[in-house]
Amino acid sequence: MTPGLAGSAAGIQGRLAAGLLALVLTSALAQTSVPPEVDLSVLEPGVRATLSDARSLFDEHVATAADDGALAEAWGRLGMVYQAHHLQQAARTCYLHAVELAPGVFRWQYYLGYLHQELGEYDQALARYETALKIDPDYGPARLRTGRARLAERNLEGARTDFEAVLEREPNNAAALAGLGQTALSQRHFDQAIDYLKAALQADPAADRLYYPLAMAYRQTGKPDLARQSLEKRGDTEPVVSDPLLGEMARMTRSAQMYLEQGYAASRAGRMQESVEAFRKAVEFNPDDVTARVSLGQGLVLTGDYGAALEQFDRALALDPGHPVAHYRRGTLMEESGDDAAAAAEYAAALQADPGYSQAGLRLGDALMRLGRYEEAAHGYAAIELPGNQQALVRYRQGLAHLAGGDCERAVPVLESAFDLKGDSGEIYQALARVYAICVPTEDPRRSKALELARQLIRARPDEAHAETLAMASAGTGGFARAVEIQERVVASSRTRNDPLTAWRERQLDRYRTGRGADQPWPREHPVYSPERLGAGPQAVADR
Amino acid sequence: MVSCAALRVTHTDRMRSKTFGRFQVADQGPRHRNFLLSAALSVSVGTCWAAEVFVDATTRSGLEFQHFNGMSGELYFPEMMGGGVALFDYDGDGDLDVYLVQGHMLGGKPVAEATFPPAHPVPLTDRLYRNDLEDGRVTFKDVTESAGIRAEGYGMGVAAGDYDNDGHVDLYVTNFGANELWRNRGDGTFEDVTGKAGVGDPNWSVSASWLDYDRDGWLDLYVGNYVDYSFDNPKPCRSSTSARDYCSPLVYQPQVDSLFRNRGDGTFEDVSESTGIRRAYGGALGVVAADFNGDRWPDIYVANDGVANQLWINDGKGRFDNDAVMAGVAFNMDGSPEASMGVDAGDFDGDGDEDLFMTHLTRETNTLYINDGRGWFEDRTVAMGLANPSFAYTGFGTAWIDYDRDGWLDLLVVNGAVTRVEAQLMAGDPYPLKQPDQLFRNLGDGRYTEVTAQAGTAFKASLVSRGAAFGDLDQDGDPDVVIGNNAGPARVLINVLQGDAGWIGLRLVTREGRRDAYGARVALEADRPLWRRVRADGSYASSNDSRVLFGLGPKAPAELAVRVIWPNGVEERFAGLATGRYHQLRQGGGSESPP
């Protein structure tokens, strides 16, 4: 061997030896490296079990790993389980091992990049994504993610290049079009942003979150009307990104919390069956999770499976006898089935557990009204505090409860309070007009106010109920002839329909004829004193 | 050590910038003064920074306050939200005193079950510290007892304002529970006038703002309320890892805010319904009042936690309309509502209108909205360089301050998590919410850069920061800050940045000369006018120094002129103001200024 070749051979051998030594050392390090310690005691039982199993599996695989690739697989799989459960520091450690052992494997670089991006470490995310893309340039979602990372880093031209690269392969990729729209918006190229965002919406019409940046772009181009129209369509759904690798990781999740969140998201988007399935998984994963059971129960109510819903509420209450929402939801089922007494008991239990549970208070009051327990109902309504205009409804109901209980005097200030809160409600107008006509002293100027209110009601809608109110107010201010004239028509109409309240109306007519005012705003059997039951109308849906 | 060679963008470069704000040319007064100021602001040689920008002067100042949140392992929601601070001159001696809110045990539990025992004797109350400033040295003395303030509620925040126009600044304390109004008698003592005034809002209140919304000369009060939380029904919540954690505010019903109109006789009228501010609400955490659409009526911006924010535009006739969505400030640029905590309004880009900045949750970024002058905004967080640096943090108290006195408004953000930080939790930290604070410098070219690493050791501390009140504690013409840390010590950070940058400070008072003219706007006359606003509100649950400070850069002129738009819309000009000191400008004491 010539000296040069000998030297060269020695150099090569030296480098090979060093490389082999490094590999051996790396393998040895990887084999002897201990996975990150995670305090499982703070996690829910199902997650503890999943992570324990994952760790056992990891130990098995490491013990039998034949090469670095297998070792990397073990580390990477463990990292995926940690990342799926948002234990990001632990996941990071695992992925770092995986990429060190197998730098040419796409998925470990990609998952690590995604982790960096989740943590806002965009520089590192980009580095990993680019490494991954060198391995597999065809994995579309990766280029989308580099685009988002570059956009966050204010590298707008770089982001544009990335999104355009995605579109070269998938011309109708809504996420890429949206990305270009956002990039254009950041560059203040508003017309361009409009074009891209509209194209994204055409590609994925369900991605209604895009209507917001579209609206902003319209606004900036001097089209406020189009902006407002877009804002009306604004929603919470982003463009769909099909990412098989992230999907694989997501399926590793074993957490009631995760399923609950999926269920809530589906529920918000109106996908009720999907939400029920997610809640069911949450319960399966953690049968003792009261929140999961109550959420499942509510989902079953909304999908019409009342028997199964009741079972879930019962099980929730078995776990937590004082759970206010479980009591409330159980109460709504009782109410819908027509059992006001049982419903009232459940609502009362909900209130006892949570005195601030206004909705339960309102439903309890209504149930008590239907049961004829007016004084209790009035007391219950008085304790409720709802925000804004909703409080007017509460005061209105309280006023009616006083009237039904024969307590005219207490009804007046309460109905006045309702009127102050919501002076454009026909129902409150009517109630106030009637109590002014009957419940205040004859010389009280509010008697004239009754007439004024009644006339406004008739002008707004000349129906029989308002006519009856006008008759009452007329009689209340001494206009008996007018009261008789109106009430005669009311009675005639009532007789024609065979209305059960005809006798009461006739009695009022007799009173007007003999120069006396009405004796009560409504008879106790009038529907006004019996608030509509859940399931009987639109309120049922709103209440759910 | 930091580099002294900080590059500056020259005035000419800024004029050429396509994406930067508009410039208004002032045409009043001698041009040479404006030229000198303009030239001074455009000098390309950077200010030589000291080793520290802020120093932690807590111990030296004698401010010994440890916040007690009453936590006992139950993860009660209110326990991690409190820590407001007020900087105000309670004794009228010209320097800033400090008020700090305090908590107590929650859920009826005994003190023995507290995770961190209280550092002060029980029963705990809010504390008032008098600043005995001498020769530029800040020294605080606890005068709570002698002041007669016995605020024993579970404190959230505080808003300082002279509601009765007697020349003495009063305090409105927001609580988890009924709020309190403490009237400053002017003799060093306070009295609880909550009942008489009618402002004891019983909801969970956090931030409040004093503003004269109807321009009748009396300060009205906006109270931001959070959510309907009850100890009778604590909801067990878990984080995404499934570990037990604090709940999201979205788990609870939001509470409506309140607006109280000052009748001028020591009492207030609840005008929440009649003014329309109850037509939209969320869990309010930050509140700031400013004229956002340039019509000279004060508007109100409410930063809500996790839902759309509100921008209440004052119609000048006693009603407000919420224009946040169309104005572009209800959501971020993606259309997502964010968990807003702290907020500030200011003219950071020097175009004469009030922009908005607010702090958000980890993984949401803080958000900066640029005003187009008409009350419509653009989310330019990413473009300004403020997105990435905030992604890993949950921001609370914040303000636009010119810490280096170069005329450009910088940003200071105090941080502290609201869900337990994985690494700290796994390490066994009993209160794993700690995060460091941040400082961002306005480069003057439409961008910010984070300078936390160069700001000094004061920024290396990692605590659960919440409130922050900004003001010139040592009267040296630059802003300092007092930070309220949840279950931690209050910190006094004094600005010690060396350099030759000039300054001028102004206290603007009403015609009678008694009260700070909250809402007044003042512009320094120059080729690039600098605008500032008289305010105490903003940040988080805190109350700031209501004086305005202008940084003038190096080689500041000896004298300046300013233009003031008073809260009632009248304009005046004040000339011949010497730089390097504070001035008090009284409405009516200047010359009439054309609009």
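**Close-up 1. E121(A) and R92(A) pair up through a salt bridge.** In this predicted model, the side chains of these two residues meet with an N to O distance of 2.9 Å. The pair links distant parts of the chain, 29 residues apart. E121(A) sits in the loop between α5 (106–118) and α6 (122–135) of chain A, while R92(A) belongs to helix α4 (residues 88–101) of chain A. R92(A) has a relative accessible area of 17%, which is under the 20% cut-off, so this arginine counts as buried.

**Close-up 2. A salt bridge joins E73(A) and R77(A) within one helix.** Here the N to O distance is 3.1 Å. Both residues lie in helix α3 (residues 68–84) of chain A, and their spacing of 4 residues is about one turn of the helix. Buried or partly exposed: what is E73(A)? It is partly exposed, with a relative accessible area of 34%. R77(A) is partly exposed too, at 26% relative accessibility.

**Close-up 3. Over in chain B, R296(B) forms a salt bridge with E571(B).** The closest N and O atoms of this pair are 2.4 Å apart. R296(B) is in the loop between β15 (284–290) and β16 (299–304) of chain B, and E571(B) is in strand β37 (residues 571–578) of chain B, so the contact ties together parts that are 275 residues apart in sequence. As for accessibility, E571(B) is buried, with a relative accessible area of 5%, whereas R296(B) counts as partly exposed at 25%.

**Close-up 4. Salt bridges with shared partners build a network in chain A.** For context, a search of the whole structure turns up 74 salt bridges over all chains.

Close-up 5. Chain A has a mean pLDDT of 88, and 91% of its residues reach 70 or more.

Technical notes:
Residues are numbered from 1 along each chain as its sequence is written. Chains are lettered from A and ligands numbered from 1 in the order in which they are written. This is a predicted model: local features need pLDDT of at least 70, side-chain atom pairs count only at pLDDT 80 or more; totals for chains, interfaces and linings use all residues. Side-chain values use heavy atoms; hydrogens and water are left out. pLDDT is the predictor's confidence in each residue, from 0 to 100. A salt bridge is a side-chain nitrogen of Lys or Arg within 4 Å of a carboxyl oxygen of Asp or Glu. Helices (H or I, at least four residues) and strands (E, at least two) are DSSP runs, numbered from the N terminus. Buried means under 20% relative accessible area, exposed over 50%, partly exposed in between (1.4 Å probe, protein chains only).
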